[in-house]
Amino acid sequence: MDSTKVARYIEDFMAMVVARNPNEPEFHQAVHEVVESLAPFILENPALMKNKILERMTEPERLISFRVPWVDDKGEVQINRGYRVQMSSAIGPYKGGLRFHASVNQGILKFLAFEQVLKNSLTSLPMGGGKGGSDFNPKGKSDQEVMRFCQSFVTELYRHVGPDTDVPAGDIGVGGREIGFIYGQYKRLVNAYTGTFTGKGPEWGGSPLRPEATGYGTTYFAAEMLKTRGDSFKGKTVCISGSGNVAQYAVEKVTQMGGIVVTLSDSSGFIHDPKGITPEKLEYVMILKNAIRGRIREYVEKYPEATYYEGKRPWSIKCDIALPCATQNELNGEEAQTLVNNGCICVAEGANMPSTPEAIKVFLDNKILYGPGKAANAGGVATSGLEMSQNSMRMTWTREEVDQKLQSIMKNIHAACVKYGQEGDFVNYVKGANISGFIKVANAMMAQGIV
Ligand SMILES: NC(=O)C1=CN([C@@H]2O[C@H](COP(=O)(O)OP(=O)(O)OC[C@H]3O[C@@H](n4cnc5c(N)ncnc54)[C@H](OP(=O)(O)O)[C@@H]3O)[C@@H](O)[C@H]2O)C=CC1
Ligand SMILES: O=C(O)CCC(=O)C(=O)O
């Protein structure tokens with residue numbers, strides 16, 4: 001393929017995306033990465049060009065934005081903005097999480113929804129892609145305030161979702177507590193018990209292993225990547241960022257597989273525990289983060305052998321494997337170079353788009369094992385898909401059954417990445433994930449006409 005032609009296609013396509021979606025840098029970044037992978041493939045397939053498949057995929061089918069008024073504990077009226085981006089229903093109902101974080105805006109949710117379309121396709125389950133949330137910041141809010149906010153949020157959202165229409169779940173700032181409040185109010189509004197949300201509690205329709213699934217899945221994916229080089233987690237030093245849902249269960253699974261996790265972080269700083277975060281220490285982190293809702297710095301008060309670094313990220317710590325599990329753009333080019341210089345051989349993304357384009361270039365140039373989020377963290381939404389199946393069948397699989405299905409899905413995603421990403425003796429998992437995720441959605445769109 002003529003490289004000038006490819007470069008011009010990417011440039012023209014991105015100029016169009018930027019012009020149509022001004023002031024949305026995260027969305028531009030996510031689309032650019034995908035277009036770079038897909039350009040040669042699309043140029044070789046005139047039908048994809050003629051039917052403007054990628055042009056349509058980068059335009060949400062529907063974008064809903066709404067007012068979320070609620071009353072705080074002081075009796076003051078607060079107003080937030082709620083969103084749902086329904087990106088693609090080509091292969092199934094819209095599916096993707098809800099994020100509650102002060103930084104949420106339309107552009108961030110569009111990047112997440114776009115990534116979700118390809119990720120959900122990779123799982124091989126029939127799920128379209130969407131994402132939603134609000135600029136509501138749950139930090140420091142009482143349970144009552146969070147409940148009132150969630151009830152107001154879903155009092156508008158409920159019109160746009162349904163078990164065969166759009167099935168939201170959790171993401172940053174939305175865990176079991178929030179899904180509970182949202183589902184309770186939703187059920188009241190529609191007067192029906194349906195599988196419209198996933199991440200529900202185990203007693204009321206949730207799938208076994210959904211809380212664990214993203215962190216476990218990322219670890220399973222990394223293990224598959226390591227296997228291609230005859231390696232494993234055994235005895236490896238692992239740096240993990242974040243300390244929320246994904247990070248916690250990544251620590252658990254890595255430790256079970258014989259790795260030693262030495263870092264965790266939050267938006268204030270990171271802790272380094274050279275002796276490793278043992279199951280007992282992880283139990284404390286789970287209480288600290290999920291019940292007390294404290295800060296990661298408190299870890300060093302309980303475990304003085306660890307050190308806390310205020311305002312810093314964990315990537316300067318020497319490790320064999322890095323699992324970024326916090327948020328987008330949390331690992332830049334310089335930090336990627338430090339990881340590589342320190343001997344890191346594998347990066348698997350539990351978070352969505354945690355590595356900047358410069359960081360990704362460092363990983364690919366140095367040919368380390370690099371698993372992008374849309375492949376490596378797909379275990380969460382895949383298990384949500386399994387929750388949807390269980391809800392439809394009105395039955396519950398065992399934890400072991402779900403774990404087996406999750407492992408098999410992660411293996412299949414890995415195999416698909418290898419199939420489309422093999423470049424000589426190197427696997428470019430970015431290219432593999434993007435092309436493999438794209439093909440199924442593109443074929444469905446071609447079959448369904450210009451819609
Ligand atoms: N939950 C899931 O099933 C899935 C999640 N993901 C992705 O994984 C990542 C983590 O999600 P999840 O664990 O569910 O979310 P949680 O809300 O449970 O945890 C988020 C963690 O990331 C930290 N964090 C958030 N924003 C920043 C920031 N700007 N800088 C540094 N740290 C930050 C938080 O720290 P603090 O408390 O200080 O904000 C917290 O430790 C996200 O990228 C999400 O999109 C991907 C697939 C599925
Ligand atoms: O489980 C889900 O539906 C959503 C998971 C999610 O938000 C993600 O994969 O980023």
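Me: Where is the kink in α17 centred?
Reply: On I439, and the bend there is about 25 degrees. Bear in mind that this is a predicted model.

Me: How many residues does α17 have, and how far does it reach?
Reply: Helix α17 covers residues 429–447, which makes 19 residues. From its first C-alpha to its last it reaches 27 Å, close to the 27 Å expected at 1.5 Å a residue.

Me: What follows α17?
Reply: G449, and its phi is positive, near 80 degrees.

Me: New topic. What domains does the protein chain have?
Reply: The assignment gives domain 1 as 3–57, domain 2 as 62–194 and domain 3 as 211–376.

Me: How many residues of domain 1 are in contact with domain 2?
Reply: 10 residues of domain 1 are in contact with 10 residues of domain 2. Helix α2 (residues 25–43) gives the most to the domain 1 side, with 7 residues. By class, that side has 6 nonpolar, 2 polar and 2 charged residues.

Me: And how far apart are the C-alpha centres of those two domains?
Reply: The centres of domain 1 and domain 2 lie 28 Å apart.

Me: Now the largest nonpolar core. Which residues touch the most other members?
Reply: A222, V238, I240 and C346, out of 107 residues in that core. Helix α5 (residues 106–122) gives the most to this core, with 9 residues.

Me: What is I240 in contact with, leaving aside its neighbours within four places in sequence?
Reply: A247, A250, V251, V261, T263, L264, L323 and C325. Another core of 21 residues lies apart from the largest one, with L98, F136, A169 and M388 among its members.

Key:
Residues numbered from 1 in each chain as written. Chains lettered and ligands numbered in written order. Predicted model: local features only at pLDDT ≥ 70, side-chain atom pairs only at ≥ 80, totals over all residues. Core = buried A, V, L, I, M, F, W, Y, C linked by C-beta atoms within 7 Å. Buried ≥ 20, exposed ≤ 12 C-beta atoms within 10 Å, placed from the backbone. Helix = DSSP H or I, 4+ residues; strand = E, 2+ residues; numbered from the N terminus. Contact = placed C-beta atoms within 7 Å. Domains from an automatic or database assignment. Nonpolar A, V, L, I, M, F, W, Y, C, P; charged D, E, K, R; others polar. Expected span 1.5 Å × (residues − 1). Bend = angle between axes of the 7 residues up to and from the residue.
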